[in-house]
Amino acid sequence: MDLETLSRGTDEGHVARPRVAVDAMGGDHAPEEVVRGAIDWASSHDDVEVILVGDERAIRRHVDGPLPTHVSIVHASETVAMEEQPATAVRRKRDASINVCMRLVKDGLADAVVTAGHTGAGVASAILNLKRLPGVDRPALAVQMVTDSGPFVFLDIGANPDSTGENLYQYAHMGAIFAERVLGVSDPRVALLSIGEEKGKGDARIARATELLDGSGLNFTGNVEGKDLVHHMADVVVCDAVVGNVTIKFFEGLSGFIFDLFRHEFRSSWRGRLAGLLMQPSIGRIRGIFDYEQVGGSPLLGVRGSVIITHGRARRRMIGYAVEVGAATARTRVPELIRERFGAPSSANAAAAIGDDAADRGADAADEASTPMATMEGGPR
């Protein structure tokens, strides 16, 4: 496809008709599930342009009939395999589908990227191609965590270990912008995940972040403990990537263990089978609450564009939700608002230098983090 035909104007920075580049070759079930999921979603959302990026012949094998007019294909000849070192692969494979997606955003031909591919490759490609936003020291991966009264934004869950208090301060601002603009939370409550409820209690970075957040203008409420996460004590919860990733994986393992116990009990005797039959509607409602596919994916906040990293095991339904999150993030100008929050120039061409060592650091961290879907039936990979 002629890339010039993808170019669209904006009205004072507002993205009226977002263009979402979908990495058609990323994920365990790519390209079929990714392609079909993106097209299915696009069929009922003609206000968003969807760009399928990858091997054109492989993509077209999973297209039934003509493409919708607002869906297009951009060819990419390479992919990044799960076993490859991500930072090295994205630098070596210039025509990898994830790199082509990022360059579409960089060149103004797309507004958001969605990928179910290697998390480390997604983070590394975003940093190498899009660069960090001016004023942002480190990007952060966020996820919507389910609670008894709706989701909250949890970050960082895998982009950067060894965060400083200053990093946590920036994560809080970025998470608050996402919660307000994408989730529609007015004046979101912001808290730090730590070892006690008392404000400032924790290690040196918690103390420093508390000092900064107290004067930040955010609705900062202090600390929350791990036991309070399910009770929606805050709308944005901030922590270091190691703590965040351990937390979401614990939630995944625990929730799976609980559901396995129920299955065992319901199958172990005729009384259990009867109880399971009677409880089926209630269990269905509980499963609906913990339906991780509906969160779509994790935004990588702090880079020059909207990047959504979804679950590597995502099938077509979750891909559709991920495209929706990508479109919403672009439409509500989340990256631009983050740039403005840190007082950096609004020009899209403002310089933000970053070395290869920083890209390696982010990619290696994300290698271990994996894509963050911390809910009952799905988890990081």
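Modeller: The structure holds two aromatic pairs, where rings of Phe, Tyr and Trp (its six-membered ring) count as paired if their centres lie within 6.5 Å, and where planes under 30 degrees apart are called stacked, those over 60 edge-to-face and the rest tilted. One of them is formed by F152 and F154, an edge-to-face pair with 6.1 Å from centre to centre and 75° between the planes. This is a predicted model, in which local features need pLDDT of at least 70 and side-chain atom pairs count only at pLDDT 80 or more, while totals for chains, interfaces and linings use all residues. Residues are numbered from 1 along each chain as its sequence is written, and side-chain values use heavy atoms, with hydrogens and water left out.

Both F152 and F154 are buried, a word that stands for under 20% relative accessible area, with exposed for over 50% and partly exposed in between (1.4 Å probe, protein chains only). Turning to L155, we find that a cis peptide bond joins L155 to D156, with omega about 5°, and that D156 lies in the loop between β6 (152–155) and α6; helices (H or I, at least four residues) and strands (E, at least two) are DSSP runs, numbered from the N terminus.

L155 is also among the residues with the most contacts inside the largest nonpolar core, together with V22, V50, L52, V238 and I338. That core has 56 residues, a nonpolar core being a set of buried Ala, Val, Leu, Ile, Met, Phe, Trp, Tyr and Cys residues joined through side-chain atoms within 4.5 Å. Its largest share, eight residues, comes from helix α6 (residues 165–181). Leaving aside residues up to four places away in sequence, L155 touches A140, L141, A142, Y171, G175, V236, V237, V238, C239 and L301, where contact means heavy atoms within 4.5 Å. A second, separate core of 45 residues includes I98, L104, I157 and V307.

One of the residues that L155 touches is C239, which counts as buried because its relative accessibility is 2%. C101 is likewise counted as buried, at 0% relative accessibility. The count of disulfides comes to zero, taking a disulfide as a pair of cysteine sulfur atoms within 2.5 Å.

V22, named above for its contacts inside the largest core, leads us to strand β1 (residues 19–23), where five of the five residues are buried. R19, A21 and D23 point one way from this strand, whereas V20 and V22 point the other way. In general, side chains in a regular strand alternate between the two faces of the sheet. β1 pairs in the parallel sense with strand β2 (residues 49–54) over five bridges, two strands being paired if DSSP finds at least two bridges between them, and D23 stands opposite V53 in β2. β1 also runs parallel to strand β4 (residues 112–115), to which three bridges join it, and here V22 stands opposite V114.
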